[in-house]
Amino acid sequence: MPGGADQTLIPFLWRAERLYDDTEIVSRTHEGRVRYDYADYADRARQLADVLSADGHGRGDRIATFCWNHHRHFETYFGVPGAGTQLHTINPLLPDHHVEFIVENADDRVIFVDPSLVEKLEGPAGSAAFDGVEQFVVMGDTVPDTSLSPVTDYESYVAGGDPGYEWPDIDEDQAAGMCYTSGTTGKPKGVEYTHQMLWAHTMTTLTPQGIPVADDDAVMPVVPMFHVNAWGLPFSTTAAGAKHVYPGPSPEPADLVSLIEDEGVTVSAGVPTVWLGIQQYLQEAEGDLSTLERVIIGGSAAPESLIRWYDQEHDVEVVHAWGMTEMSPIGTVASLKSGMDHLDYDGELDKRTKQGMPVPGLEMKVVDDDGNEVPWNGEDFGELLVRGPWVTREYFERPRATEEEFEDVPASDASGESEEQHSSGRWLRTGDVVTVDEEGYVDIVDRTDDVIKSGGEWISSVELENAIMAHDDVAEAAVVGVDHDTWGERPVAFVVPAGDVDEDALAGDIQAMIEADYPKWWRPDAIRFIDEIPKTATGKFSKMTLREEYGDRVHVQDVPEDAAPEAEEE
Ligand code: ADP
């Protein structure tokens, strides 16, 4: 292509190394806290790339990681795609049979594994699914006693590489990354990221309406690096020349707070559970969050009470964002649009609790069951469809899933534009049921699979959960639909109390709170107190497990007549 380089990841690293050579990368590891700078980092990433190339790995070869968030894992982020190979980050929390499936499906050649995860990998590694793996590399400077073979340690592995290695020419269409969606049902589905997708995703996230990073920020991704590239933060932080802080294996709230204090963290990101954990910790222990300017919360809905608490108690801005593995992953961000000065604090909070507006470069539409677009009025709902340069157009080797979850646009779509104006005609069906308000803020009301249909009417499990979690004595809550003879389905709430509380009184409070704000028939038929909400491998509430574990055992009483959908006055 005349006129310069393609849209690849390498220029981001080039810029950081030249302009910010002494900016730090800090990592909490099993060996203690490690720190070095972009100059050292770039040398080590090139050494890694050189070793991969010397071992004969190149375009089309997948190199996997089975790791937490630390500096060595970050070295693979540029070292692996920089060598022209593809970085496949595996979620170590997946059940063994899923790990077997995805290693075989991706045909991984090398697997980098954390010392604390070696034992976990040994199980699936004993199966034939791992026959194609040529090398295991333990992320440290020693190798523990293990059945993984052949195995070496990371420091010996990269030592043979040349820090002066020259990056090869890379096409922007070349695959740079890969991640499997954890798949609440069925087998995980692979999503590949090309260099261009990651480049475009980095550029949109760096805009003021994305999740921007500046060169004086210190960024700590708590969101795992195995989960959609830690929402792209390692790339955008490098592109900006900012400081990286990695929290290492299984960080507790105390570890995260001390990293924030010691390293002057200004930006962090993670799922709501992480920030709920820190909130609970700080309600009992001392902690200084004064350097922290904003936290990006996504993966599941950030409760309003959480946003309010960080705002008011610590002057930390919660930026609520929505995305998917299929979208590299950022789709919408709930920043405030200009012209909203008329809103009071509660009005602003209302906008900021929604999932937000599409980031620049993304298109979206909301369609009903018949495929017709629904109006943006904050009330009508339908399934959200998206397309854009960093949205995948297919699943890896899964033509049937691709057919089901993508929609090809007819020659003339609902907006009347011809397909020629949109070369990327393929829309991704997100499976999220949403409303969009007049200002363009998306509000997820449910997953298509989780929405509760009672007497033909629809109840948002997400709204009920948020309402319940706003109670001070509630740590976590999940609401699922349970089969019911008359109504089809009825809501049942599973609640984890915060400490030692009077459960009967709490159940009464919750029912009263819901009754005050929602139609009577939204009131859960049962409230069950449990010790913990089961989680998926990505830390989200696993409603499937709840339904399986408790579905049959929850006694759902007949709904009183005045609580039936029909009795509700409009
Ligand atoms: P998995 O966790 O199953 O691997 P993803 O991380 O790709 O899959 O999950 C994407 C889904 O997570 C979205 O379709 C949406 O349902 C949910 N999600 C992501 N961010 C948010 C958010 N801010 N609020 C509510 N739901 C969210």
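Two strands are said to pair if DSSP finds at least two bridges between them. By this rule, strand β14 (residues 317-323) and strand β15 (residues 330-333) pair in the antiparallel sense over 3 bridges. The structure is a predicted model, in which local features need pLDDT of at least 70 and side-chain atom pairs count only at pLDDT 80 or more, while totals for chains, interfaces and linings use all residues. Residues are numbered from 1 along each chain as its sequence is written, and side-chain values use heavy atoms, with hydrogens and water left out.

**Overall form**

- The protein has 17 helices and 26 strands; helices (H or I, at least four residues) and strands (E, at least two) are DSSP runs, numbered from the N terminus.
- The C-alpha trace spans about 75 × 60 × 55 Å along its principal axes.
- Of the 570 residues, 56% are buried, where buried means under 20% relative accessible area, exposed over 50%, and partly exposed in between (1.4 Å probe, protein chains only).
- Among contacts (heavy atoms within 4.5 Å) with a separation of 6 or more, 68% involve residues 24 or more positions apart.

**Surface and charge**

- The accessible surface comes to about 23,600 Å², and 44% of this surface belongs to carbon and sulfur atoms. Accessible areas come from the Shrake-Rupley method with a 1.4 Å probe; for residues, only the protein chains shown count as cover.
- The mean positions of the 39 positive and 113 negative charges are 3 Å apart. Lys and Arg count as positive and Asp and Glu as negative, whereas His and the chain ends are not counted. The place of a charge is taken as NZ of Lys, CZ of Arg, CG of Asp or CD of Glu.

- Strands of a sheet pair through backbone hydrogen bonds, either parallel or antiparallel.
- An open sheet of 9 strands has the order β2-β1-β11-β10-β12-β13-β14-β15-β16, with mixed pairing. Its edge strands are β2 (32-37) and β16 (357-358), each of which pairs on one side only.

**Strand β8 and its partners**

- Strand β8 (residues 175-181) is largely enclosed by the rest of the structure, because 6 of its 7 residues are buried.
- Strand β4 (residues 86-89) runs parallel to β8, and 2 bridges join them. Here L87 stands opposite G177 in β8.
- Strand β9 (residues 189-194) runs antiparallel to β8, and 6 bridges join them. The bridge partner of Y180 in β9 is G190.

- Helix α15 (residues 461-469) has 7 of its 9 residues buried, so it is largely enclosed by the rest of the structure. The buried residues are S461, V462, L464, E465, A467, I468 and M469.
- Q511 lies in helix α16 (residues 503-517) and counts as buried because its relative accessibility is 13%. Not counting residues up to four places away in sequence, Q511 touches R523, P524 and I527.
- F529 belongs to strand β26 (residues 526-529). Leaving aside neighbours within four places in sequence, F529 is in contact with V495, P497, E503, L506 and A507. The C-alpha atoms of F529 and P497 are separated by 7.1 Å, although the two residues are 32 residues apart along the chain.
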